[in-house]
Each structure stands twice: as C-alpha cells, then as structure tokens.
Amino acid sequence: MIEINGLSKSFGKVEALKDLTLTIPSGQVYGLIGPNGAGKTTAMSILATLQTAGGGSAMVNGLNVITEPAKVRRMIGYMPDFFGVYDGLTAQEYLSFFASAYHIPENKHHQLVNDLLELVNLQEKHDSYVDNLSRGMKQRLALARCLVHDPQVLILDEPASGLDPRARAEVKEIVRQLKNMGKTVLISSHILPELSEICDQVGILKNGSLVASGPVSEITNGGQNARVISIEVENGLPEMIEHINGYPGVIKVNQTNTGARLIFKGEQKAQGALLKELVQEGYPVLQFAVQSGSLEDAFMAVTGEGKSND
Amino acid sequence: MINTNPVLLKELRQRFRSFKASLILFIYLLVIGGFVLGFMYLNWRQEAVVFNPSQSREIFAMLSVAQLILLGFVTPGLTAGSISGERERQTLNVLLTTELRPAGIIFSKMISSCAFTILLITATLPLFSIVLMYGGVSPSQLWGVFGFYLVSMYLFAAVGMACSTFFRRTGISTVTSYGITAFIGAGTVFLAAFIYEVSRGNVYPRPEGVPLSVQFLVDINPVVVLMRILGEGPPFGVSENWLLPYWLVYTVFYLVVGTLLLIWSSKRLNPLRRSKL
C-alpha cells in the first residue's frame with residue numbers, strides 16, 4: 001500500500017510537487033499521467049527513496065520513505081524513466097548481481113534468475129551480454145531486475161517509453177502478470193490508452209498537483225465532469241466551430257471531416273443548453289452524441305488550458 | 001566484504017574481462033620496460049664489459065620515479081569515473097535503491113580500481129628484479145618503495161573517488177583529480193620552496209632551521225619521499241626525521257586524508273543527504 005499525504009518538493013523556485021495526496025491500496029495498479037514536468041518522476045523518486053521531500057509524508061506499507069529508507073528499499077522495485085545497463089555482463093550475471101545486492105543467498109540465484117527470465121520471456125538471452133540486447137529486451141530485463149527481491153510494491157516510471165508497439169504490448173503484458181501476482185504497482189506513462197487497459201485507478205498530475213484521481217471508468221466516462229461530444233452538421237461547419245469555441249464549458253474543439261469533436265466540462269443540463277443554442281442559431285445538426293471517453297480525452301480535458309480548434 | 005560485496009565482484013568481472021584492461025597493462029609495461037631496457041642499452045653501449053652497481057641504482061631510481069608518475073596518471077584515471085560513470089550511464093539510481101550501502105559501493109569500487117593498479121605494479125616486478133640481479137639496491141629499499149606505492153595509490157584513488165562523487169561529469173572529475181594529484185606531486189614541493197625562500201628573507205647571516213610548514217610539506221611530497229627512500233637527502237636543509245620518521249609522517253597523513261575523503265564520498269553518495277540527484 002502506498003500513502004502519500006501533502007507531499008511537496010521544490011527545486012529552487014520551481015515547485016515540482018504541491019500538496020500531493022494519494023492512496024494506492026495493496027494489489028492495485030495505479031497509473032500516473034501528466035504532461036512533461038508535471039511532477040510524476042519527482043513523486044516516484046521520492047517514493048523510491050532517491051530524494052527528500054520538501055514537506056508532507058510518503059509511506060510504503062506503513063514505512064516512511066524518508067526516515068526508514070533501508071526498510072522501504074526492501075519492499076520496492078524501482079524502474080526509472082531512463083536507465084542504463086552494465087557493459088560486459090550477461091543477462092544472468094546482471095540479475096545475479098542485483099540478487100546479491102538484495103542479499104539473496106547465492107545458491108538461490110540460479111533458479112531465481114531462470115524464473116525471472118522466463119517471466120519476462122528472455123530465457124534464450126540467459127548468456128547474452130546485456131549491452132547487446134534490444135531496447136525492448138533491456139526494458140523487460142529491467143522489469144525482471146525490479147523483481148529479484150520479490151517486492152510488494154513496484155514503481156515503474158514510463159516503462160514503455162521509446163518502445164515499438166510490439167515491445168510495448170510485451171511490457172503491458174508483464175504488468176498485467178504483476179497485477180495477477182498481487183503486486184501494488186505505481187506506473188507512469190505517456191501512452192495513455194495503455195494505462196487505461198492495465199490500471200485500476202489513474203491520477204492526472206498537472207504542475208505538481210493531482211487534478212483528477214479515481215477508477216479508470218470514472219475518469220474516462222466523465223466522472224470528473226468532462227466528456228467528449230461528437231457533433232455533425234450538414235453545412236456551416238467553420239462558423240459553428242467558431243461559435244462553440246467561446247461557449248462556456250467547452251475546453252477543446254477538434255475539427256473532423258463531417259463535424260467537430262469537443263471536450264466539454266459541465267452538467268448534463270449545460271450540455272443540453274449547448275445543443276439548444278446550436279439549433280437556435282440555425283446550424284443543421286445531424287448528430288450530437290456523447291462519446292465513451294478515452295483516458296486521453298480525460299487527460300486533455302483536465303490538463304487543457306486553452307481552447308483550440310486544431 | 002571482499003568476498004561477498006556484489007559491487008566488488010561485478011567491478012572485478014567487468015574490469016578484468018575487458019580488452020581495455022589487457023591493453024592498459026600492455027602499454028604500462030611497454031612504457032616502464034622501455035625506460036629500463038632503453039637505459040640499460042645506452043649504458044651497455046658505453047661499457048659493454050661490466051655493469052656498474054651504481055648504474056643499477058640509477059635505473060632503480062628512474063624506474064621508481066617513472067612508476068610513481070604512471071601511478072599518478074593511472075589511479076585517478078581509474079577511480080575518477082567510478083561514480084560519475086554510473087551517473088552518466090544512468091545506473092546509479094537503480095544501484096542506490098538496492099540494499100547496498102553507499103560506503104560499500106564506494107569502498108568496493110575503490111578496491112577494484114586499486115586491484116587493477118596493484119596488478120600493474122606487480123607486473124613490473126620482473127623489471128625491478130633486473131635491478132636487484134645487478135646489485136646496488138637492498139631488498140628493504142625495494143619493499144619500502146612498494147609500501148610507498150600502496151600508500152600513494154590509496155591517496156590517489158581516494159582523491160579520484162571523491163572527485164567522482166562530487167562532480168556529475170567524468171571529464172571534469174578526471175581533470176580535477178589530475179589537478180589535485182599534480183598539486184600533491186609537485187605543488188607541495190613548490191609551496192615548500194616558496195615558504196622557505198620567504199622565511200629566509202633578506203637578512204644575513206641566513207637564520208638556521210626551516211619553518212615547520214616547509215618540513216611538513218617536504219615530508220608529504222611523494223617525489224621527495226620516494227627519493228629519500230632511495231637514499232637521497234631531504235631538500236631545503238630540513239631535518240631527516242621530524243616528530244616522526246619522514247615515511248611515517250607521509251603514511252599516517254595520507255592514510256588519514258584518504259580515509260576522510262572516502263568517508264565524505266560515502267556520505268555524499270547517500271541520496272537522502274542530497275537535495276537533488
């Protein structure tokens with residue numbers, strides 16, 4: 001279980017985290033999304049005992065990450081957003097090294113390494129040098145490395161970044177397996193649809209603050225009062241887009257081939273008022289439908305600051 | 001710790017497995033061997049029939065100084081990238097989230113670098129044996145020189161480790177390490193000369209004795225100490241033995257300095273003692 005309460009962190013005058021409060025129950029996968037510089041990596045590195053906090057507290061399984069870092073390290077597996085591997089070591093030696101770093105007896109290394117390589121589907125790379133592995137394989141090996149000491153909590157900072165679709169799918173599958181193993185996983189990603197598939201809950205960070213948090217279904221279906229509306233009109237599309245761009249509650253408008261797709265924040269009544277206004281203004285509306293929102297839409301809805309028709 | 005520390009095992013494995021290790025050893029022996037054998041060849045050309053023991057002593061002195069200079073280059077070069085290199089390769093954060101303690105990481109990396117340097121020194125023993133074969137140098141002097149090398153290596157390695165922990169970039173760390181090593185090797189004796197000259201002033205007759213600072217700087221200068229082990233007298237008229245024998249001053253001072261640098265490096269490596277990684 002991860003409990004973050006009022007966590008803050010500043011780098012000079014820049015506030016990387018502002019009063020972040022978050023609880024992740026045991027066995028859940030929590031996705032942290034947000035634009036670059038939102039504070040995801042800072043929050044994760046504080047949890048990974050790599051940085052001090054400016055204020056507030058962060059607990060992993062009831063242990064304070066600042067005052068009891070050694071105990072916390074035994075409980076977490078951390079995969080940073082950018083990481084390297086050691087030259088001149090085979091995959092087996094690499095994992096065995098980290099097993100030793102967690103004081104796992106040497107006589108258990110052989111079986112442990114084989115099991116981990118099997119979990120991440122790298123059995124055939126047992127004796128390959130890690131610096132010769134592809135990026136996707138290195139990511140999977142790093143995931144295996146996080147698991148050498150069988151931690152209860154995994155902190156994965158952008159584990160699928162820079163990977164091709166196949167490699168991303170493989171990483172996603174491993175995270176699913178970790179979930180089935182009962183691990184508590186905090187994962188960040190820019191590949192938003194992937195998070196929606198594997199996470200129980202998601203949180204959206206913006207400028208160091210958590211602006212939305214909850215179950216994926218709640219976030220994507222307008223639980224945060226934001227939804228995606230698709231409008232089709234017979235003609236007069238440019239004028240309509242110009243018109244709804246200034247309408248209260250409209251956060252972002254995208255022009256499509258036959259109409260517009262907009263992110264709207266407001267009650268259902270306000271949504272109805274928008275439709276009424278379009279009809280009264282004489283736009284020939286063929287379709288006005290609330291779409292089942294994606295995490296990306298919710299992300300854009302919550303983090304979008306300006307209105308645009310790009 | 002030596003048998004169980006995983007960082008040490010990994011470092012030794014990586015270091016000794018690489019082609020670079022063999023290449024450095026080859027170049028090191030080539031340079032040192034070139035000095036000795038070249039010098040012997042020049043002497044042999046002049047006097048082909050006999051080999052004078054005093055010449056053997058000269059070779060020994062030259063070999064010892066050459067080895068010291070090479071140690072001054074190789075040791076900081078090996079250690080100055082040990083922590084900053086982990087940072088540049090983006091492997092340090094992962095290492096710091098394991099159960100390994102920063103002190104263990106620092107000492108293991110230093111020991112692995114020193115192990116390689118000791119290999120370099122040991123590999124030159126056959127060259128030193130040529131000198132011993134012709135006489136002119138006592139075995140105690142030889143052991144004294146090797147003990148001196150170990151102390152100097154410890155200091156140079158600790159300087160490299162401290163710079164590597166302090167600076168984020170290996171390039172800056174290496175240049176700074178060499179700068180500090182150069183100051184220890186040459187700067188201390190220049191500073192001693194300066195203080196000595198200033199202290200004498202322009203009065204005549206010149207006052208007897210030298211300031212304690214000059215005595216101390218001379219006692220901690222590696223080149224001067226090495227020459228004194230080889231039988232040369234101290235410069236600037238400093239006394240042969242001050243409060244302690246010169247070699248003991250050198251050994252104690254640099255073991256203390258080296259240890260303090262390593263403790264400082266360990267504290268600095270602890271991520272929760274720093275505000276920013």
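In which helix is the place of T181(B)? The place of T181(B) is in helix α9 of chain B, which covers residues 170–200, where helices (H or I, at least four residues) and strands (E, at least two) are DSSP runs numbered from the N terminus. The model is a predicted one, in which local features need pLDDT of at least 70 and side-chain atom pairs count only at pLDDT 80 or more, while totals for chains, interfaces and linings use all residues. Residues are numbered from 1 along each chain as its sequence is written, chains are lettered from A and ligands numbered from 1 in the order in which they are written, and side-chain values use heavy atoms, with hydrogens and water left out.

T181(B) has a relative accessibility of 8% and therefore counts as buried, a term that means under 20% relative accessible area, with exposed meaning over 50% and partly exposed in between (1.4 Å probe, protein chains only). Once its neighbours within four places in sequence are left aside, T181(B) is in contact with G72(B), P76(B) and F156(B), contact meaning heavy atoms within 4.5 Å. Another residue of chain B, L8(B), is found in helix α1 and is buried, with a relative accessible area of 2%. L8(B) and S112(B) are 104 residues apart in sequence, yet their C-alpha atoms are 6.1 Å apart in space.

Turning to chain A, the reader will find 11 helices and 14 strands, and a C-alpha trace that spans about 80 × 45 × 35 Å along its principal axes. Of the 310 residues in chain A, 52% are buried, and among contacts between residues at least 6 apart in sequence, 67% join residues at least 24 apart.

An open sheet of 6 strands in chain A has the order β6-β7-β8-β3-β9-β10, with mixed pairing. Its edges are formed by β6 (76–79) and β10 (209–215) of chain A, each of which has a single partner strand, so one side of each is left without a neighbour in the sheet. Neighbouring strands of this sheet are turned by 15° against each other on average, direction ignored, where axes are lines fitted to C-alpha atoms, for helices over the stretch in contact, and angles run from 0 to 180 degrees between N-to-C directions. At one end of the order, β9(A), residues 201–206, and β10(A) pair in the antiparallel sense over 6 bridges, and L205(A) stands opposite L210(A) in β10(A). Helix α5(A), residues 135–146, lies across β6(A) and β7(A), the latter covering residues 153–157, and runs at about 160° to β6(A).

Two packed helices are described by the angle between their axes and the distance between the axes. Helices α3(A), residues 91–101, and α4(A), residues 109–119, pack at an angle of about 120° with their axes 10 Å apart. The pair α3(A) and α4(A) is therefore oblique, since angles under 35 degrees count as roughly parallel, over 145 as roughly antiparallel, 65 to 115 as roughly perpendicular and the rest as oblique. On the side of α3(A), the residues that meet α4(A) are A91(A), Q92(A), L95(A), S96(A), A99(A) and S100(A), and their counterparts in α4(A) are H109(A), L112(A), V113(A), L116(A) and L117(A).

Of the 11 residues of α3(A), 9 are buried, so this helix is largely enclosed by the rest of the structure. The buried residues of α3(A), among them Y94(A), F97(A) and F98(A), pack against α4 and α5 of chain A together with α1 (6–17) and α5 (92–96) of chain B. After α3(A) comes H103(A), whose phi is positive, near 60°.

Finally, L278(A) is found in helix α10(A), residues 268–280, and at 0% relative accessibility it counts as buried. Not counting residues up to four places away in sequence, L278(A) touches I231(A), M240(A), H243(A), I244(A), Y283(A), V285(A) and F288(A).

How values were computed
Pairing = 2+ DSSP bridges.
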